[in-house]
Amino acid sequence: MNAPLLLREATSYEQKCFANTFGDAPLVRTTQWWSRARKRTEEDMARRSNGSASSPTFRVTADKIYMQGLVDLAIAVPELADSDLPETLDLDRARISRIRTDILRMVVISAILLTAKNLMRRDVRSQWKEQAQRMWDLPFEDVQAIIGAIESRYALPPTTKTQLSGTIERILLDGRNRQVTHPVVKVLLQKIKTHVYTRLSASSSEERVKAASTASHVLSSGGLPEFVVHIGAVVDELHKVAEVDREAHGKWYDGVIESVARDEAVGA
């Protein structure tokens, strides 16, 4: 079965399920989600435009708002709350929850490896894929097992090992609590969000090619070399989610967009 046919069948299935479930009822969660995404997009474009707001690059569009909302929804680490999930994405609940769990693993492991590389004066762009893979299946409580994964590559001097152990424990606390408080974890999560949004919101073929071709360099230099492929897979998966969702729920989104714009105009 070819891709266009699969997309049409998925679209038809989602439309029927959605119409049966929600009919013409107000989409409260979707409206709130869109309103938040619109506000974030407007603030981001205003900040980045630096006086060039008329440029198409910094124009607030429905595409950019949608992708901002999708990235904020998926590239996060807390458990997915029912109140945060738009009705239009109800069928993607398990997928988005899994992506969040994977993102949590990525930022925790990357923060640990980045700290280890810095302490040992290694190139942050070097790929410690074997160590990352070993850590992926380890519980967030096992500091010694994680130290052991690093020591499988390099011997750690006692002082370095003690210092690294303390940092790992603080990073793992974020993992156990599904939160982002450690500064390195915060930076890495923001780098992933920015990268994924940049690729998903690219509006031209040239922008899409540039974002994809520079992904390895951008992520590796940003401290995420072990997860370039993983993050690329997340981009591809979210792109497919967006394609099916917007095709299936286009008329409902049109209503939400009008409602948000009307409410903001009244409140202005």
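Analyst: On a 1 Å grid over the protein atoms alone, a cavity is a set of points where a 1.4 Å probe fits but cannot get out, whereas a pocket is an open set with protein on both sides within 12 Å along at least five of seven lines; a lining residue has an atom within 4 Å of a point. Grid points are joined across faces, edges and corners, and a volume is the space filled by probe spheres set on the points. The model is a predicted one, in which local features need pLDDT of at least 70 and side-chain atom pairs count only at pLDDT 80 or more, while totals for chains, interfaces and linings use all residues. Residues are numbered from 1 along each chain as its sequence is written, and side-chain values use heavy atoms, with hydrogens and water left out.

User: What is the volume of the largest cavity?

Analyst: The volume of the largest cavity is about 40 Å³. A search of the whole structure finds one cavity of 30 Å³ or more.

User: Which residues line the largest cavity?

Analyst: The lining consists of Arg105, Val108, Ile109, Ile112, Met135, Leu138, Pro139, Phe140, Ile146 and Leu172. H4 supplies the largest share of this lining, four residues.

User: And how much space lies in the largest pocket?

Analyst: The largest pocket holds about 880 Å³ of space. It is lined by 34 residues, of which Arg48, Thr194, Tyr197, Thr198 and Ser201 are the closest to its centre. Two or more lining residues come from each of helix H2 (28-49), helix H3 (62-74), helix H8 (183-200), helix H9 (205-213) and helix H10 (215-221).

User: Which element gives the most to that lining?

Analyst: H8 gives the most to the lining of the largest pocket, with eight residues.

User: Stepping back, how many helices and strands does the protein have?

Analyst: The protein has 12 helices and zero strands. Helices (H or I, at least four residues) and strands (E, at least two) are DSSP runs, numbered from the N terminus.

User: What does the C-alpha trace span, and how many residues are there?

Analyst: Along its principal axes the C-alpha trace spans about 65 × 45 × 40 Å. The protein has 268 residues, and 45% of them are buried. Buried means under 20% relative accessible area, exposed means over 50%, and partly exposed lies in between (1.4 Å probe, protein chains only).

User: What share of the contacts is between residues 24 or more positions apart?

Analyst: Such residues account for 70% of the contacts with a separation of 6 or more. A contact means heavy atoms within 4.5 Å.

User: Is threonine 41 buried or exposed?

Analyst: Threonine 41 counts as buried, at 1% relative accessibility. Its place is in helix H2. Leaving out residues up to four places away in sequence, threonine 41 touches Val60, Lys64, Ile65, Gln68 and Tyr197. Tyr197 is also one of the residues closest to the centre of the largest pocket.

User: Where is valine 260?

Analyst: Valine 260 is in helix H12 (residues 250-267). With a relative accessibility of 3%, valine 260 counts as buried. Valine 260 and glutamine 32 are 228 residues apart in sequence, yet 8.5 Å apart in space, C-alpha to C-alpha. Not counting residues up to four places away in sequence, valine 260 touches Thr31, Trp34, Ser35 and Arg38.

User: What about the phi of arginine 178?

Analyst: Arginine 178, likewise not a glycine, has a positive phi of about 50 degrees. Arginine 178 lies in the loop between helix H7 (158-177) and H8. At 17% relative accessibility, arginine 178 counts as buried.

User: Which residues is glutamate 79 in contact with?

Analyst: Leaving aside its neighbours within four places in sequence, glutamate 79 is in contact with Arg100 and Arg178. Glutamate 79 lies in the loop between H3 and H4, and it is exposed, with a relative accessible area of 57%. Glutamate 79 and glutamine 133 are 54 residues apart in sequence and 23 Å apart in space, C-alpha to C-alpha.
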